[in-house]
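The account then turns to individual helices and to a few backbone details.

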Amino acid sequence: MNKVAAVTGGAQGIGKAVSLAFAKAGYEVSIADTDKEAGLEVVREIREAGGKSLFMCVNVAKEDEISKWMNVTTSELGRLDVLVNNAGISRNGSMLELPVAYFDEVIGVNLRGAFVCSRHAAAIMKRQRSGVIINMASTRALMSEADTEAYSASKGGLLALTHAMAVSLGGYGIRVNAISPGWIETRDWQKASKREKPVHSERDRLQHPVGRVGTPHDIAAACLYLAGDQAGFVTGQNLVIDGGMTVKMIYEE
């Protein structure tokens with residue numbers, strides 16, 4: 001029986017690359033996203049390549065939609081081996097003026113949504129006595145620009161949730177890790193109607209010790225590693241993938 005990966009926010013950007021990478025690696029892929037057009041595009045691409053995939057419109061801030069998605073996934077695909085909590089939104093603005101409702105919305109999707117998805121997935125994985133959960137955090141959990149309180153708080157909370165769940169679920173054979181992407185260019189990973197060709201300056205590239213801006217492939221490769229047997233001794237960790245940007249001191253001229 002093939003392994004099954006479930007990806008929230010799996011229709012565009014990093015999530016699309018993750019969905020396609022798992023499909024290419026032989027996984028059957030269940031995609032949850034709020035954009036139907038984008039989701040069906042990815043499913044079609046997977047199926048045309050000979051893979052198996054399904055898509056559901058899901059708002060991860062709503063537990064009833066998560067529950068239905070998980071039930072359909074196991075009903076159609078038979079099991080659940082990997083959950084990637086990738087869905088995320090941002091509502092940036094001055095903390096002195098940002099409506100509290102916007103803050104709550106970001107926490108509801110980015111943090112609470114990941115917890116609820118994980119709880120439903122873990123119930124399935126517990127019965128299997130194995131599974132992997134990967135939380136998509138951000139380098140914004142570790143460092144900030146102004147006016148990013150809601151997003152930064154949600155991603156910081158996601159790191160804490162990661163190590164807490166790793167301890168709580170380890171006895172059931174479930175590993176939980178996080179990835180913190182830095183600057184990842186996603187404009188060319190949107191649905192066809194919104195896709196753009198990215199252009200980066202020399203300064204953009206030189207902010208990164210590796211000499212380039214990141215791509216969704218960089219994150220997808222890390223997800224495959226964390227989901228695989230080679231990472232069998234890795235849990236509760238946060239893998240920062242940012243081309244070295246957060247360790248480089250940058251002085252404004």
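Helix 3 passes helix 4 in a right-handed crossing, a crossing being right-handed if the near helix is turned clockwise from the far one by less than a right angle, and left-handed if anticlockwise. Helices here are DSSP runs of H or I with at least four residues, and strands are E runs of at least two, both numbered from the N terminus. Two packed helices are described by the angle between their axes and the distance between the axes. For helix 3 (residues 63-77) and helix 4 (residues 100-128), the axes come within 10 Å and cross at roughly 35°; such axes are lines fitted to C-alpha atoms over the stretch in contact, with angles running from 0 to 180 degrees between N-to-C directions.

The model is predicted, and local features need pLDDT of at least 70, side-chain atom pairs count only at pLDDT 80 or more, and totals for chains, interfaces and linings use all residues. Residues are numbered from 1 along each chain as its sequence is written, and side-chain values use heavy atoms, with hydrogens and water left out.

On the helix 3 side, Glu-63, Ile-66, Ser-67, Trp-69, Met-70 and Thr-74 meet residues of helix 4 that include Gly-113, Val-116, Cys-117 and Arg-119, contact meaning heavy atoms within 4.5 Å. The residues of this contact divide into seven nonpolar, four polar and two charged. In this division Ala, Val, Leu, Ile, Met, Phe, Trp, Tyr, Cys and Pro count as nonpolar, Asp, Glu, Lys and Arg as charged, and the others, Gly among them, as polar.

Helix 3 itself has 15 residues and reaches 21 Å from its first C-alpha to its last, close to the 21 Å expected at 1.5 Å a residue; the expected span is 1.5 Å times one less than the number of residues. Its buried residues are Ile-66, Trp-69, Met-70, Thr-73 and Leu-77, where buried means under 20% relative accessible area, exposed over 50% and partly exposed in between (1.4 Å probe, protein chains only). Seen down the axis of helix 3, these residues fall within an arc of 95°, so they line one face of the helix; the arc is that of the directions from the helix axis to the C-beta atoms. They pack against strand 1 (4-8), strand 2 (28-33), strand 3 (53-57), strand 4 and helix 4. The face turned away from this buried side carries the exposed residues Asp-64, Lys-68, Ser-75 and Glu-76. Just after helix 3, Gly-78 takes a positive phi of about 95°.

Helix 7 (residues 216-227) buries Pro-216, Ile-219, Ala-220, Ala-222, Cys-223, Leu-226 and Ala-227. Seen down the axis of helix 7, its buried residues fall within an arc of 160°, so they line one face. Among the elements covering them are helix 1 (13-24) and strand 5 (131-136).

Most residues other than glycine have a negative phi. Arg-129, although not a glycine, has a positive phi of about 65° and is found in the loop between helix 4 and strand 5. Asp-147 likewise is not a glycine and has a positive phi of about 70°. Asp-147 lies in the loop between strand 5 and helix 5 (149-169) and, at 35% relative accessibility, counts as partly exposed.
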